[in-house]
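This note sets out comments on the model shown below, as numbered points. Please read them alongside the sequence and the coordinates.

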Amino acid sequence: MILEKIKETINWNGKELSIETGEMARQADGAVLVSFGKTTLLCTCVYDKEENEETGFFPLTVNYQERFYASGRLPGGFVKREGKPSDHETLIARLIDRPIRPLFPDGFCNEVQVVCTLLSYDPQCSPEIAAMIGASAAISISGVPFDGPIAGCKVGYSNGKYILNPVENTDINLVVAGSKDGILMVESEINELPEDIVLNAVIFGFKTIQPIIDLINKLKSKINKKSIKVTPLKKQYLELYDKIQELTLNKIKKALNIIPKLERQNEIKLIKKSLIEELGDEQKPIIESLFEELLSNTMRQKIIKTKKRIDGRSFNQIRDINCKIDVLPQVHGSALFTRGETQALVVTTLGTSYDVQIVDTVAGESKESFLLHYNFPPFAVCEVGRIGAPGRREIGHGKLACRAISAVLPNNNDFPYTIRVVSEITESNGSSSMATVCGTSLSLMASGVPIKAPVAGIAMGLIKTKSSYIILSDIMGDEDHLGDMDFKVAGTSKGITALQMDIKVNSITQEIIQTALEQAREGRLHILNIMNNTISNSRKDISVNAPRLASIQIDKDKIRDLIGPGGKVIKDIIDRLKVKIEIEDSGIVNICAIDKKLMDLAINEIKMICSNPEIGQIFNGIVSRVTDFGAFISIGVKEGLLNWSRFPRNMERPKVGQKINVKIIDVDDKNRIKLSTYNED
């Protein structure tokens, strides 16, 4: 336990960043209070002191939690306390987890929990960056073996200049994390920019985090807590590893020549099962972990030696692709994207402004009109599993695809729909998030959403040795699981729209990223070319199954007339025409109808109420009174005369309260309105 307060401070691009320990959470193995401007977080690290080698894996949990008092707000909704982690908090927890996870040594199996709690919120200073730095500092002083510290920052790009930790969104919204040795993680949303600009943004971010790493090292040297010594699992059980290799190596080599995924995996499962039966299940987790290491090494050596991958592809070859649209008859838009043994069924639904997602965070309430949800059921990989609320992986993959598509979406003023896309992964052998990006692009175009350009995504892998490396395009599940990198790149033919990079080694170089980006560009253009053969531009009109939306501008002074006394006028239009109407204070009126005819009638009535009547306008009016010479028809707040001479002789004369379609045929100098009947056909 640290009994004295120790604090280190740095001026970081005009903002004070301080890390202190010794005053709060003193019973945790590592605890720091991070202040970035007026943003403050308590970050802690605690590890289980019991060695858990029997588990055969490293159990790490990262939690990020926001307290609404941090910004002087109460939580929205009925329950006035924080509950389960929001998607926003889950995404930040993943952001912290991904760069620190590869820096824990092989053989360390003690359970570790990192908790970052937002205590004070400053809109000018990013909580997620402060949390990442705080988590790194807490781990570094905890005594847990950790090949860090790491740090992270945000990078923006505007008018040809890179911006450190921008407050507003720019053409690049990128988070980069790294250690002293190299880059560990990249996450970004980009406005169709070329590879060189994006690469330089990553390099800019990596250079600017180095003073923060020095700051954490300075704090760590003052604490001077000894870390646990860990021997790699293979060295601990060298004889057992040699025995496993003797019994299974040749079998593994043969299994890796089986191309269909399920057949290959079933054969590997049988080899593992036979191995455990022969060696006994007393050390089953250890045997499984050592077998996994042998499997990884064998696959890697096969790729390096043969210059071919498991399925026979060359390093930059893309799997076979098949694209279909309109695969579901009643939805607003649908697509089926298949790449090798990975398949995404992607469905688009168009809603109204009433359907926007309201997000409540410490920064306040915001509205999201584009939603992308990713579902990964267990049958996609031929497994029996629990189906419930979306997990961290599903939330993360959905958000990545959302970022990839956002750059090409139409402006909400031009296309005032709430758009929800759902990606159902029906089978998977790697790169399902990038299949979601491709399928989303196809589904949006099929539904008539006017996106600026098609978007494709590709996942890149890495096999890294001490002296060389190999970049793999369009990686399969085994290449992701057993390889060193998962680098996802999405974009249009013009440039990149999203990046996400995770690695399993302690760092990668600028050269590797540059090579991966260029190889990804070639793959992306290849995929886009195939997609364009199915559909290359959005349809001119939205699906016949989708609701019709329209917005018109009225004078602010006319809002009262449109609403009417007690809401009588607006309620009457809504009830008669079965439409939804939303009136903004600016005078913009948003209308939603189930078909074009009802939409046109509603627009005409609103215009009639809020402006001078015009010849040719059509209304669905109500008979207010009947006379010998004709019927007076209420059209909004105004009334017009339908003379019997203009009423069809073969029709029964209308009665008071009856609805009737009418058309304005004349407006005299006293603003009196003359009507005729109107037949929609």
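1. Accessible areas here come from the Shrake-Rupley method with a 1.4 Å probe, and for residues only the protein chains shown count as cover. On that basis the accessible surface of the protein comes to about 31900 Å², and carbon and sulfur atoms hold 48% of that surface.

2. On provenance: this is a predicted model, in which local features need pLDDT of at least 70, side-chain atom pairs count only at pLDDT 80 or more, and totals for chains, interfaces and linings use all residues. Residues are numbered from 1 along each chain as its sequence is written, and side-chain values use heavy atoms, with hydrogens and water left out.

3. Overall architecture. The protein has 15 helices and 29 strands; these are DSSP runs (helices: H or I, at least four residues; strands: E, at least two), numbered from the N terminus. Along the principal axes, the C-alpha atoms fill a box of roughly 110 × 60 × 50 Å. Of the 681 residues, 53% are buried, where buried means under 20% relative accessible area, exposed over 50%, and partly exposed in between (1.4 Å probe, protein chains only).

4. A contact means heavy atoms within 4.5 Å. Among contacts with a separation of 6 or more, 68% are between residues 24 or more positions apart. The protein carries 86 positive and 86 negative charges, and their mean positions are 3 Å apart. Lys and Arg count as positive and Asp and Glu as negative, while His and the chain ends are not counted; the charge is placed at NZ of Lys, CZ of Arg, CG of Asp or CD of Glu.

5. Aromatic pairs. Rings of Phe, Tyr and Trp (its six-membered ring) pair if their centres lie within 6.5 Å; planes under 30 degrees apart count as stacked, over 60 as edge-to-face and the rest as tilted. The count by this rule is 11 aromatic pairs. One of them, Phe-104 with Phe-146, is tilted, at 5.2 Å centre to centre and 45 degrees between the planes. Phe-104 lies in the loop between helix H1 (87–100) and strand E6 (112–120), and Phe-146 in the loop between helix H2 (127–140) and strand E7 (151–158), so this pair ties together parts that are 42 residues apart in sequence. Both Phe-104 and Phe-146 are buried. Ring pairs also link Phe-58, Phe-104, Phe-108 and Phe-146 into a cluster.

6. Charges over rings. A charge sits over a ring if NZ of Lys or CZ of Arg is within 6 Å of the ring centre and within 35 degrees of the ring normal. Arg-393 has its charged end over the ring of Phe-376, 4.6 Å from the centre. For Arg-625, the charged end is over the ring of Phe-632, 3.8 Å from the centre.

7. Backbone points to check. Most residues other than glycine have a negative phi, and most peptide bonds are trans. Gly-148 and Pro-149 are joined by a cis peptide bond with omega of about 5 degrees, and Pro-149 is placed in the loop between H2 and E7. Ser-431, not a glycine, has a positive phi of about 65 degrees; Ser-431 is in the loop between strand E17 (418–427) and helix H10 (432–447) and is buried, at 10% relative accessible area. Asp-474 likewise has a positive phi, near 55 degrees. Asp-474 is in the loop between strand E19 (469–473) and helix H11 (477–482), and counts as buried at 0% relative accessibility.
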